[in-house]
Amino acid sequence: MKRIIVCLCIFLFSTFCFAKQPLFSASVGLSTGFPVYGSEQIKQVNDYYFNNDGNRIIVGTTARLELNAINPFALFVDADLNMDFNFSDQQFFHMMDLAFTGGMKFYPGLGGFAFGIGYSIGTRFDFYNNLNDIFSETEDSFETVELDKNDWGNGFKLFLEYNFSYNSSYRFLPTLGVSWRLMPRGNNFYDNIFSFYLMMNF
C-alpha cells in the first residue's frame with residue numbers, strides 16, 4: 001500500500017513539474033448564441049417580436065477556473081450569464097439565464113482542441129412589461145414592470161473548444177468554443193442554450 005501511495009505521489013509530482021500547462025488557469029470572455037425555450041408562452045413572445053419588427057439581442061459572459069492536474073485531463077468550474085433582450089418601442093421581455101457548472105475536459109491530442117462535460121445548476125430571471133396585448137387584443141398601460149424567477153434546476157453542459165494557449169509558452173491567447181446546456185425549468189419545460197464564446201486565458 002505504501003508503495004502505491006509513493007508511486008502515485010511521484011507520478012503527480014512529475015506531472016506538475018514537467019507539464020507545460022500551469023497547474024491552475026483562469027479564463028473570462030464573452031458569448032452569444034441561440035436559446036431554445038421549452039415554454040410555449042416564451043415562444044409566442046419571441047414570435048411576436050420577430051413578426052412585428054421587434055429587436056432581439058443575445059449576449060453573455062462566461063468565466064472559468066481550471067485545475068490542470070493530469071495532462072490531458074483538466075477539472076473545471078465555470079459560471080455563465082446569458083441575456084436575451086427582446087424589446088420594441090413600449091414593450092420589453094428580457095430573460096437572464098444564470099448557471100454554474102463543474103466537470104472535466106479532455107484534450108485528445110489534436111493541439112488545443114478539447115471537449116468537456118459538466119453538471120450544471122442554474123435559474124432564469126424574466127423581466128417584462130405589458131405582455132397582455134401579445135396574448136390578447138387588449139391594450140394596457142406600460143407602467144407595470146414584473147419579474148418572474150424560475151426555480152433552481154440541475155442539468156448538464158457539453159462543449160467543444162480550441163485553446164490556442166494549450167502547451168504554448170504564450171499563456172495570454174484566446175479560446176474559441178461552442179457549447180450546449182440543457183436546463184430544466186419546472187412543469188416539464190426545458191431550455192436548450194446553444195452558445196458561441198471567446199475567452200481570454202490567464
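This is a predicted model: local features need pLDDT of at least 70, side-chain atom pairs count only at pLDDT 80 or more; totals for chains, interfaces and linings use all residues.
Buried here means under 20% relative accessible area, exposed means over 50%, and partly exposed is whatever falls in between (1.4 Å probe, protein chains only). Residues are numbered from 1 along each chain as its sequence is written, and side-chain values use heavy atoms, with hydrogens and water left out.

**Salt bridges**

- A search of the whole structure turns up 13 salt bridges, each being a side-chain nitrogen of Lys or Arg within 4 Å of a carboxyl oxygen of Asp or Glu.
- Glu 40 pairs with Lys 43, with the closest N and O atoms 3.5 Å apart.
- Both Glu 40 and Lys 43 sit in helix α2, three residues apart, or about one turn of the helix; helices (H or I, at least four residues) and strands (E, at least two) are DSSP runs, numbered from the N terminus.
- Lys 43 is partly exposed, with a relative accessible area of 34%.
- Glu 66 and Lys 105 meet through their side chains at 2.8 Å, N to O.
- Glu 66 is in strand β2 and Lys 105 in strand β4, so this pair ties together parts 39 residues apart in sequence.
- Glu 66 is buried at 6% relative accessible area, and Lys 105 is buried at 1%.
- Arg 181 and Asp 97 form another salt bridge, at 2.5 Å from N to O.
- With Arg 181 in strand β8 and Asp 97 in strand β4, the pair ties together parts that are 84 residues apart in sequence.

**Nonpolar core and surface patch**

- The largest nonpolar core has seven residues: Tyr 37, Ile 42, Val 45, Tyr 49, Phe 93, Met 95 and Tyr 128.
- Helix α2 (40-51) and strand β4 (92-106) each put at least two residues into this core, and α2 has the largest share with three.
- A core of this kind is a set of buried Ala, Val, Leu, Ile, Met, Phe, Trp, Tyr and Cys residues joined through side-chain atoms within 4.5 Å.
- On the surface, Val 28, Phe 172, Met 200 and Phe 202 make a nonpolar patch with about 390 Å² of accessible area together.
- Phe 172 is in the loop between β7 (153-163) and β8 (174-186), and is exposed at 57% relative accessible area.
- Patch residues have over 30% relative accessible area and no salt bridge, with like charges joined within 9 Å and nonpolar side chains (Val, Leu, Ile, Met, Phe, Trp, Tyr) within 5 Å; the areas come from the Shrake-Rupley method with a 1.4 Å probe, and for residues only the protein chains shown count as cover.

**Pocket and cavities**

- On a 1 Å grid over the protein atoms alone, a cavity is a set of points where a 1.4 Å probe fits but cannot get out, a pocket is an open set with protein on both sides within 12 Å along at least five of seven lines, and lining residues have an atom within 4 Å of a point.
- The second largest pocket has a volume of about 200 Å³, counted as the space filled by probe spheres set on grid points that are joined across faces, edges and corners.
- Its lining has 13 residues, with Phe 34, Lys 43, Asn 46, Asp 47 and Arg 56 nearest the centre.
- Helix α2 gives the most to that pocket lining, with five residues.
- There are four cavities of 30 Å³ or more, and the largest cavity holds about 130 Å³ of space.
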